[in-house]
Amino acid sequence: MAEPQSGEGKREEPEPAGAAPLLWVGGGLPPRFRWVSPSLVQALGHAPEAWKARGFLQRLVHPEDLERVLDTWRTVARTGEARTVELRATTADERSVRLSVELNAIEPAADGAGELVGTVRLLASSPRPVPPAAGMSDLEKVAQELARAQREREELINAVDGIVWETDASFRFTFVSQQAERLLGYPVQQWTREPDFWLKHLYPSDQDWAPAFCIKAATECRPHEFDYRMVAADGRVVWLRDLVTVVSEGGSFRKLRGIMVDITEQRRAQENLERTVSALRATLDSTADGVIVVDRDWRITTFNARFQELWNIPSRLLDTRDGRALSAYMGPQLKDPEQVRARVLELFAAPEQESFEVLEHLDGRILERYSRPQRLGDTIIGRVFSYRDVTAQRRAQAERERLLREAEEAIRVRDDFLSIASHELKTPLTPLKLHLQVLKQRGSAGQPVPLHHAEKALAQVVRLSGLINDLLDTSRIQAGRLELRHEPVSLRELTHEVLADLRPVSPHHTLEYEEPGEPLTLHGDRSRLAQVLVNLLENALKYSPTGGTIRVTLERQGALARVSVADRGIGIPADQKAHLFERFFRARNAPISGFGGLGLGLYICRDIVEHHGGHIWVESEVGQGSTFRFTLPVEDGADGALAPPAHLPGSS
Ligand code: ADP
């Protein structure tokens, strides 16, 4: 290995005490400089960009020294062992300088591409062309040159934006740059005079670890970097990042050198950022909505626990961060996965779009999904989806709407009823009045009173009292006060009587009747059961205005008697049948103008039949006629041997 040679006219330059370390950081294959300290830039004159350029090492180092330098560089980069190499280099103004470079590995790598830090010492340099000073001796010129170089160095060190420092092996500062005073407010002399200056002014909770960390690294001759706090003279807490190199000799360290950089602002910004992130996290976790954020490549960025819960997603799936796999897992939970998937694809294709959708789950839940782009400045970097379970709200809303509809319907029914009731109650009054007037005129004139006027007047009174009875029965049923007698009833006899009363009513209708050979008897309220039959028969007559056969059938079906009244009348629309037995209900095809009635008869019939333990229903087709049927539980025994059945209220 060729020794570096001092060129002609070069002089040894003693290193000034407390000079700023001339540092660089480099690495890679072929080796390149990555960072160079401003002091080194200043010392050799090459601009920082020139240092970082490819092949700069070859331009900097004297060709005869180059191979040896590269060799040492690679060894240190590979093994991590510190080495010092001396070499000749060329400054920007073409002077030749002799340097000693201590190489320390930051991160060794087996292939020799590891990171190094170089600490440069200027051993000698060829003089700068100095204008000859008249009358100055050679010695004076050298002294002047040295003083100037010293000044320049100090200026350089003090210009570094950080505290350049050096300690001896007992960690006492032997040098600190002027920045120390500016940054922390203590005079530079205090740093070097007080033996434990650093320790004393460390922030209390950092005293526990920072010195121990530094001592360990130093004794292991490791360059190191760490962040800690110091308390400034005015009480401020200053965050520092300390980049330390270790100067060692024979395996044990002799000095420490470093730069402390003020990172208070940076730490504050970082703390603010962490606080913001934690606030966002807390907000995300406390919201009732499930939230997930994915980037534009469908990678899951973040999500909250509610999201996982809403979609019942296993943690291992979320851990994969694979948005596509997640979507495939969520799809089958929906009623219409294809439509939802198509919409999501659409949203990814149009990143700026916002969207609102309602998703129906197979399990009946309803989720609202809101989605909007995630922006970083002006760039869209992803998409946020938030899900809200609105099942309960929607159900409550539907229930409210149903109740409202029912209330409206009840009002409509009441209004209809009032107009129908007043019409129905008024209708018999006019003929009644006319007949009574005729009777009165005849009576007062001493003329004979025609019987048919009295009969017609009576018929209107019967009609009126029928309507009033229906109203009274209805209010009794409503109040639960419809009382029934318990007496033995023969259904055959009852039917005979009802038919006998009704037979003369309509000449246009034919009444047919069929009954079984055996007696059908039960315990119940005879007149109320007759009321049911009369009502069904009157309806059959009324709603078959063109006449036709009305067929009454009495039959036994096991323990039940079944009574049917069939007509060939107007029938009942299919959608109305379910409501037929409701209070005040009148089918659409039976206008009040054509068919009188309060819509109460069937309501009363149902109540009576059900109170006898029976059931009533209708089979009908519009235009074809209707068959009303009801069943009643009957006794097995013959007429007259009856015990009261248990279903009748008050029976014992
Ligand atoms: P109304 O006094 O109006 O006849 P009901 O309660 O007896 O009251 O009957 C309710 C409604 O049922 C009637 O308005 C009519 O629309 C329908 N209806 C009842 N019986 C028949 C029938 N035999 N044929 C067709 N429609 C009927």
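Two strands are said to pair if DSSP finds at least two bridges between them. Helices (H or I, at least four residues) and strands (E, at least two) are DSSP runs, numbered from the N terminus.

This is a predicted model, in which local features need pLDDT of at least 70 and side-chain atom pairs count only at pLDDT 80 or more, while totals for chains, interfaces and linings use all residues. Residues are numbered from 1 along each chain as its sequence is written, and side-chain values use heavy atoms, with hydrogens and water left out.

Five strands form an open sheet with antiparallel pairing, in the order β8-β7-β11-β10-β9. Because β8 (173–176) and β9 (224–231) stand at the edges with a single partner strand each, one side of each is left without a neighbour in the sheet. From one strand to the next, the twist averages 25°. Strands β9 and β10 (residues 237–249) run antiparallel and are joined by eight bridges; E225 stands opposite L243 in β10.

Contact means heavy atoms within 4.5 Å. Axes are lines fitted to C-alpha atoms, for helices over the stretch in contact, and angles run from 0 to 180 degrees between N-to-C directions.

| Helix | Strands | Angle |
|---|---|---|
| α10 (residues 210–219) | lies across β9, β10 and β11 (252–262) | about 150° to β9 |
| α11 (residues 264–286) | touches β9, β10 and β11 | about 120° with β10 |

Elsewhere, L472 belongs to helix α18 (residues 451–478). L472 has a relative accessible area of 40% and is therefore partly exposed, a class between buried (under 20%) and exposed (over 50%), using a 1.4 Å probe and protein chains only. L472 and L482 lie 10 residues apart in sequence and 9.6 Å apart in space, C-alpha to C-alpha.
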